[in-house]
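User: I would like to go through this protein model step by step. Could you guide me?

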Amino acid sequence: FMRPAELRREETHLDQLLEEVVAIARPQMERAGVQEEIHCVSLPPVHVDRALLKQALINLVYNAIEAMPNGGRLTVAMDRRGDAVEISIADTGVGIKPEHRARVFQLFFTTRPGGSGIGLASAYKTVQLHEGSIDFESEAGRGTTFRIELPLTHSASGGKLARSRAAGGVAASKV
């Protein structure tokens, strides 16, 4: 986890990648009684490490499903925000307790029995490697929304680092 990762960027249509992620998670959603919604705008392809980004999104989706033990709604959305794309994964689950919000991206931090605490830390690192940002809003009993913002064009300079802040808002995921 700590060694520098080499990105293997390839041209990727993010809407197709999101559909693949949801398809992978669909059996678990059906078992959990989770309904899905997908909202994606059409964007030109971006150059990302497809496998790394796919795994990060799968981690977020699985966390969201597990946050809804009695069923609920998972919303996966993608929209353009200026020179960036915003991907959001929202659930109507239990939310993240305020005392845990500052630690959710820390390696090995988990509140789930049997959890490894690697999923969100890995997602954070992946977004950081792509010069993006990841953030979330959560409200106890109402859910959590994770938002990933990625630049639509890759800068050759390797510019900005990922930013993270815990806020108390709305929508989807249990950690």
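Analyst: The answers below go through a helix, the core, a cavity and the salt bridges.
Analyst: This is a predicted model, in which local features need pLDDT of at least 70 and side-chain atom pairs count only at pLDDT 80 or more, while totals for chains, interfaces and linings use all residues. Residues are numbered from 1 along each chain as its sequence is written, and side-chain values use heavy atoms, with hydrogens and water left out.

User: How many residues of helix α3 are buried?
Analyst: Helix α3 (residues 119–129) has 8 of its 11 residues buried, so the rest of the structure largely encloses it. Buried means under 20% relative accessible area, exposed means over 50%, and partly exposed lies in between, with a 1.4 Å probe and protein chains only. Helices (H or I, at least four residues) and strands (E, at least two) are DSSP runs, numbered from the N terminus.

User: Which ones are buried in α3?
Analyst: They are L120, A121, S122, A123, Y124, K125, T126 and V127.

User: And what do the buried residues of α3 pack against?
Analyst: They pack against α2 (50–66), β6 (133–139) and β7 (143–151). Contact here means heavy atoms within 4.5 Å. Just after α3, E131 has a positive phi of about 60 degrees.

User: Next, the core. Which residues touch the most other members of the largest nonpolar core?
Analyst: They are L14, L57, L74, I87, I134 and I148, in a core of 38 residues. Two or more residues come from each of α1 (14–32), β3 (46–49), α2, β4 (72–81), β5 (84–91), α3, β6 and β7. Helix α2 gives the most, with 8 residues. A nonpolar core is a set of buried Ala, Val, Leu, Ile, Met, Phe, Trp, Tyr and Cys residues joined through side-chain atoms within 4.5 Å.

User: What is I148 in contact with, leaving aside its neighbours within four places in sequence?
Analyst: I148 is in contact with L57, L60, V85, E86, I87, V127, S133 and I134.

User: Changing topic: how much space lies in the largest cavity?
Analyst: The largest cavity holds about 30 Å³ of space. A cavity is a set of points, on a 1 Å grid over the protein atoms alone, where a 1.4 Å probe fits but cannot get out; lining residues have an atom within 4 Å of a point. Grid points are joined across faces, edges and corners, and the volume is the space filled by probe spheres set on the points.

User: Which residues line the largest cavity?
Analyst: The lining consists of T12, H13, L14, D15, L43, P44, P45, V46, M78 and L152.

User: Now salt bridges. How many does the structure hold?
Analyst: The structure holds 9 salt bridges. Each is a side-chain nitrogen of Lys or Arg within 4 Å of a carboxyl oxygen of Asp or Glu. In one of them, E20 pairs with R50, and the closest N and O atoms are 2.6 Å apart. E20 lies in helix α1 and R50 in helix α2, so the pair ties together parts that are 30 residues apart in sequence.

User: Are E20 and R50 buried or partly exposed?
Analyst: E20 is partly exposed, with a relative accessible area of 28%, whereas R50 counts as buried at 19%.

User: Which residue does E36 meet in a salt bridge?
Analyst: E36 meets R26, at 2.8 Å from N to O. E36 is in strand β2 (residues 34–40) and R26 in helix α1, 10 residues apart.

User: And what about D79 and R81?
Analyst: The side chains of D79 and R81 meet in a salt bridge at 3.3 Å, N to O. Salt bridges that share partners join D79, R81, E86, E137 and R147 into one network.

Notes. 1 Å grid on protein atoms, 1.4 Å probe; cavity = no way out; pocket = protein on both sides within 12 Å on 5 of 7 lines; lining within 4 Å.
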